Amino acid sequence: FEKRVSKLYSKFNPVWVQKARQLLLHLLANESDEACYHINELLHEFIYLRNTGHEFFYHGFIYGVLALVAHSEKISLESEAEGGNGYADVTLYQPNTKTAVILEFKACKNTGAARVTASLKAARQILERKYIQKFKNRNCRKIYGFGLGCGGKACEITALGDLLASRDGCIAP
């Protein structure tokens, strides 16, 4: 496991660095379908099913993947960043475009329906706990929110779109 982790999170692994960069760019562009595809590809290639029972596993895995490229792309990356009335799992902030991304993870059973339900719950948490406040205070132009429901070697994403442009702050039930 240690060898796999060190290979994955190495700057000398161009395949993983490229995958991490693609994921980062899709998140910053609010391209949820493409981001979901890349996350599922990464999960399928790397993780073991025994590791997938806890939210923090997915959170840490994606944080590590994004950490491969965030600094070189001049993106601020934080884990458990305080904002509003809680702590968002993972946040990205691109100062030159004043774009922020909030990722909230929920672990669930390994079924498609459970992943969808968990992603909706995670998205609601972003709204209910007002995680965007930190980025509103920075005068961000765009703030994208993504709820991720993760189970087994797959995830589903509920995209909230640009939270600054949202009039009602609601998501589908």
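Strands E1 and E2 (residues 86–94) run antiparallel and are joined by 7 bridges; two strands pair if DSSP finds at least two bridges between them. Helices (H or I, at least four residues) and strands (E, at least two) are DSSP runs, numbered from the N terminus. In this pairing, Ser76 sits opposite Tyr93 of E2.

A word on the source: this is a predicted model, where local features need pLDDT of at least 70, side-chain atom pairs count only at pLDDT 80 or more, and totals for chains, interfaces and linings use all residues. Residues are numbered from 1 along each chain as its sequence is written, and side-chain values use heavy atoms, with hydrogens and water left out.

The open sheet has 5 strands, ordered E1-E2-E3-E4-E5, with mixed pairing. E1 (76–83) and E5 (154–162) are at the edges with a single partner strand each, so one side of each has no neighbour in the sheet.

Now the lysine. Lys134 belongs to helix H6 (residues 133–137). Is Lys134 buried or exposed? Lys134 is buried, at a relative accessible area of 18%; buried means under 20%, exposed over 50%, and partly exposed in between, with a 1.4 Å probe and protein chains only. Beyond its neighbours within four places in sequence, Lys134 is in contact (heavy atoms within 4.5 Å) with Glu78, Ala81, Glu82 and Gly83.

Last, the helices. The axes of H3 (residues 32–46) and H4 (residues 55–67) come within 12 Å and cross at roughly 105°. Axes are lines fitted to C-alpha atoms, for helices over the stretch in contact, and angles run from 0 to 180 degrees between N-to-C directions.
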